[in-house]
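Please open the model in your viewer and keep the selection panel at hand. The stops below can be taken one after another.

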Amino acid sequence: MKNKRLELSEAVKEVPENGCSISFGGFAITRNPIAFVNEMIRQKKKSLDIYQVIAGMDTELLVGAGSVKSLSYSAGSLDRFGRFERINEAINKGEIDVREYTLLSLEMRFLAGSMGIPFIPNKSLLGTDMLNDLIVKNDDAIRIEISPFDNERYVYLKQLQPDIVVIHAQYADEKGNIIIEGPSWDLEVAKSAKKLYVTVEKIVSSEYIKRHCEKVVIPSVFTHAVIEVPFGAFPTAVYKAYDYDSEFLTYYAKINKNAGDFNNYLNEYVYGTRNHDDFLNKTGGFSRLKLIIADPVSGY
Amino acid sequence: MSTKYKYTNNELMAVSASRFLRDGDNVVVGLGLPQIASCLAKATHAPNLNIIYEIGVINPEVKEMGVGIADPRLWYNCDHFTSFLGTMGQTLQRGMVDVGFLGGLQVDKFGNINSTLIKTDLGKRHFNGSGGAADIACFAKRLLVIVKHEKRKLVEKVDFLTSVGWLNGGNSRQKEGLPVCEEIKIITNLCVFAFSNDRQIKIETIHPGVSKQSIIENTGFEIDIPDNIAITSEPTDEEILLLRNNIDPMRMYIG
């Protein structure tokens, strides 16, 4: 079978320069494809339409970097570290076209996409101002209908198959059989992709995959490319690999409060670094990373 | 049987919330007081409680509080890992969740919640957004809202309706097409609110030592408090000791 291994910079070169629909697998401060996103910012990708059920630091960085045209999501924060102030400010100032959903309604759009069906019914937007806003914007992804099977009111949600989905996982082989340890909230998103890119902590042998096939949650049929990036989610957590870096996230939650400080951050940590290794060295290198390596029992 | 310990507002709220849970309930929780209340219920009267986090974690046995449900600390020793679909779709939407906990920026007199944005003179100010809250408000059978008792938070009408409670009262929730909700309660640091059969808000109990006047002054809608209003039951020694020694020893949430 085809070897789908790519280097990070090559993979990111495949993302269109000027606009595509794209989704990321991060959730708040966990399993965010930060290395991929930082490289997208270095390569100056623009006009992205981002779809993400719960936003992570991945999307916040791209919004702050001015790479985003529209954002469809249900929520997101840095958990107790702080809010996504780059996202909030972009919404307040009308700099991005925001489409707000409930968690499940957006998840079900990905589910429909992953199954190749045109739409899926759901009730949880009914009565909400998220639904009113989508109607005001003439959003073609929603229709309020009466189901012919139970005569009940539903919002029919249009399927979603993003051009590109990027997730970060613990392991995959070169064919793209992906192992995710811990909860796999990003499974339907990954399977809905036209092209799925996965960054992994380590590329493992196909022999390992065959011996642990019950741990594979996304088989290679869905995967377009596999990119090995150790600590590729830093400073966010990867279960059983490393904890989030609370010191760095505390710092980030200060500098994301205004555009000037955030731009200085980008200049220093993203534009000012050539690649992810360089980024990790800048953020403290091995002496920092060794402090957050996960305990194999607790997973953090 | 009240406690000999001097307790905090948050401890009283956690204890009140835990008593809302019944043995065998399936409950969707988030970090903070909901997590604390669920752990307390499980350690006392509801050992068969099933705790569900939207991120895809079922029945963890947390030993260290974390920063949010994305924190692997909150996944420790769980029964099952799944996806959003497994928790919010196949469990919650399916109708298997008994209790949902909610919080927010504002709650109105019909129990509707805003967790999205506040309208100010300078324009809209966006916060974290709805996440799974609106799904929980839609599909859970009983809702427990925990909110700080302030005039700007308990309002006549929310600035943005994120999660539907009783919508506009009467049978408006049902007419909109939402599934049946059996009960909504709101726990604040001053009192517990409930709703009459025609979905009018009322005070169920006021917390020990709280004056009627302070409730009226801190509530953004008109509220009637009968003379014979009941007092919220105080925590027991057992509950206080469990909270302080086992559930939140760092006192991150119980104050």
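What follows is a tour of a predicted model, with something to select at each stop.

Begin with the largest nonpolar core, which holds 174 residues, and select Ile29(A), Ala14(B), Ile36(B), Leu40(B) and Val145(B), the members that touch the most other members. Colour chain A by domain next: because domain 1 (8-101 + 162-279) and domain 2 (119-158) of chain A both give residues to this core, the core lies between them.

Stay with Ile29(A) and display its contacts, leaving aside residues up to four places away in sequence: in chain A they include Met57(A), Leu78(A), Phe81(A), Tyr244(A) and Leu249(A), while Val67(B) and Ala70(B) are touched in chain B.

Now select the contact between the chains, which takes 45 residues from chain A and 44 residues from chain B. On the chain A side, the elements that each supply at least two residues are strand 2 (48-55), strand 3 (68-76), helix 4 (85-92), helix 5 (103-115), helix 6 (129-136) and helix 7 (187-192). Helix 5 of chain A gives the largest share of that side, five residues. If you colour the chain A side by class, you will find 21 nonpolar, 14 polar and 10 charged residues.

Finish at helix 6 of chain A, where Asp129(A), Met130(A), Leu131(A) and Leu134(A) are the buried residues. Against which strands of chain A do the buried residues of this helix pack? Select strand 4 (97-100), strand 6 (142-146) and strand 7 (153-158) to see these partners.

Conventions. Residues are numbered from 1 along each chain as its sequence is written. Chains are lettered from A and ligands numbered from 1 in the order in which they are written. This is a predicted model: local features need pLDDT of at least 70, side-chain atom pairs count only at pLDDT 80 or more; totals for chains, interfaces and linings use all residues. A nonpolar core is a set of buried Ala, Val, Leu, Ile, Met, Phe, Trp, Tyr and Cys residues joined through C-beta atoms within 7 Å. A residue is buried if 20 or more other C-beta atoms lie within 10 Å of its own, exposed if 12 or fewer, and partly exposed in between; C-beta atoms are placed from the backbone. Domain bounds come from an automatic or database domain assignment. Two residues are in contact if their C-beta atoms, placed from the backbone, lie within 7 Å. Helices (H or I, at least four residues) and strands (E, at least two) are DSSP runs, numbered from the N terminus. Ala, Val, Leu, Ile, Met, Phe, Trp, Tyr, Cys and Pro count as nonpolar, Asp, Glu, Lys and Arg as charged, and the others, Gly among them, as polar.
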